[in-house]
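Please open the model in a viewer and keep the selection panel at hand.

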Amino acid sequence: MKSIKIPELLKKLNDIFVKNGFEAYLVGGAVRDVLLGKTANDWDITTNAKSEDIIRIFHKVIPTGIKHGTVTIHFMGKEIEATTFRSESGYSDGRHPDSVSFDATLEEDLSRRDFTMNAIAASLNDGSIIDPFDGQKDIKNKLIRTVGSARERFLEDGLRPIRAIRFSGQLGFKIKSETFEAIKVPEVQEKIKSISLERFRDEFEKILKTDEPSFSLHKLEETGLLKFFIPELADCRNCSQKDARSFHVFDVLDHNLYACDGAPKDKPIIRLAALFHDIGKVKARSVEKREIPYGSKNFVEIIHFYRHELYSSELVRPLLSRLKFPNSVVDSVAHLVENHMFHFQEDWSDAALRRFIVKIGKENLDDIFDLRLADMYGKYRRKPEPSSDGIKQLVILRDRLEEILSKENALSLKDLAVNGNDLIKEGIPAGKRLGSILSELFQCVLDDPEMNDKEKLLEVARNLANKPA
């Protein structure tokens, strides 16, 4: 392709550059996406205008990275990142150049970029393509290749190998063998280790948004990077689950990865919970020798993972905190992981269902169902059949929960017909004992919703208060 269509907004932006004697080019992911037939919404441009020139000729410019020649132009309701043509040298911190020159040509500017598919520019004037490193050819061949030496590019910024792996899964591209092998070079691995956990997390979150996160996560494992950043997950490799009952096909690592694939793409909390829901199985694993049939003296191994959901929840909290996820995310994921092993039976009473709702939380019911479906997907790497027992049980459970929720049930302490002030008026002093009585009243109402009457509950409260503590 010799040219691409430039959006009208960018043409108007370019008119201002041209009027003031400068050139401007669309670069990076936006050009790549257009060449892939996708819509580009985030635009980065490169220009021979210096930062001070851009600040002078546009009304609103934010100096977001002015030290490295980057500013953000606010133009017609859009934020457009603009960087002056530059060449760089020395990357002692594994991310930023030690020195930057702003006397570079466009080709020199493109030569400092990571991959050939991201080193393509398009003139904002007429859309003509500038592609000095055959990036279009690599895009056509679905190939990820560094600009120049892979070792040198990776030593400049330790995040680039992880970006290559993420792009591979996101775009469905193959990483060129020389580029992939460079990730395994010891000095490159040391450089990768030095990146901040926040930068890794940002790429990790993008991997979780791909169609099949397992693809990139397997690449992270193959290159040893999974062990660097998420050792708790990497340690699940070769933790076998397969026994005479044929409940599982995959080991714990692959099961977790495929469960992540099976979680909704637009629900990052569920994808995180699915990815880590069984990491505690390594600690929980035990093997029982069982005689089948009894008296036959034929023994088989039965594998157990008692309390693995609790071990998994204990591991996932520090794991996600280490990767700098917000506390709200840590709490939500840990809660889902801890409660993913519910065993519904059709003979559950309504009281049992109300307790299930309280334990999981009304706001988390859809999520726990999504996680269970992802867990089912991860067993065989396919969606369970609607006619399967597991799906039938989930449908029955969901229907019964919806019936419970449709009624006026007290499903939290605030739904009780009495509160702490009511008990204090009855002579029950504020404190731990009062809180304990409220909890018992709540359990009483869970057993029998008709008990949620103020006079009935006050009578129970008085009886409880008169009993020895």
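Begin by selecting Asp350, Leu353, Arg354, Phe356 and Ile357 in α19, which meet Leu397, Arg400, Leu401, Ile404 and Leu405 in α21; contact means heavy atoms within 4.5 Å. The residues of this contact comprise seven nonpolar, no polar and three charged (Ala, Val, Leu, Ile, Met, Phe, Trp, Tyr, Cys and Pro count as nonpolar, Asp, Glu, Lys and Arg as charged, and the others, Gly among them, as polar).

The model is predicted: local features need pLDDT of at least 70, side-chain atom pairs count only at pLDDT 80 or more, and totals for chains, interfaces and linings use all residues. Residues are numbered from 1 along each chain as its sequence is written, and side-chain values use heavy atoms, with hydrogens and water left out.

Next, select Tyr25 and Phe85, both of which are buried (under 20% relative accessible area, 1.4 Å probe, protein chains only). Their rings form a tilted aromatic pair, 6.2 Å centre to centre with 35 degrees between the planes. Rings of Phe, Tyr and Trp (its six-membered ring) pair if their centres lie within 6.5 Å; planes under 30 degrees apart count as stacked, over 60 as edge-to-face and the rest as tilted.

Move to Phe250 and Tyr258, an edge-to-face pair at 4.8 Å centre to centre and 65 degrees between the planes. Then highlight Phe200, Phe204, Phe228, Phe229, Phe276 and Phe325, which form one aromatic cluster.

Finally, select Trp43: the charged end of Lys78 sits over its ring, 4.9 Å from the centre (NZ of Lys or CZ of Arg within 6 Å of the ring centre and within 35 degrees of the ring normal). Lys219 lies over the face of Phe180, 5.2 Å from the ring centre.

Methods
Buried means under 20% relative accessible area, exposed over 50%, partly exposed in between (1.4 Å probe, protein chains only). Helices (H or I, at least four residues) and strands (E, at least two) are DSSP runs, numbered from the N terminus.
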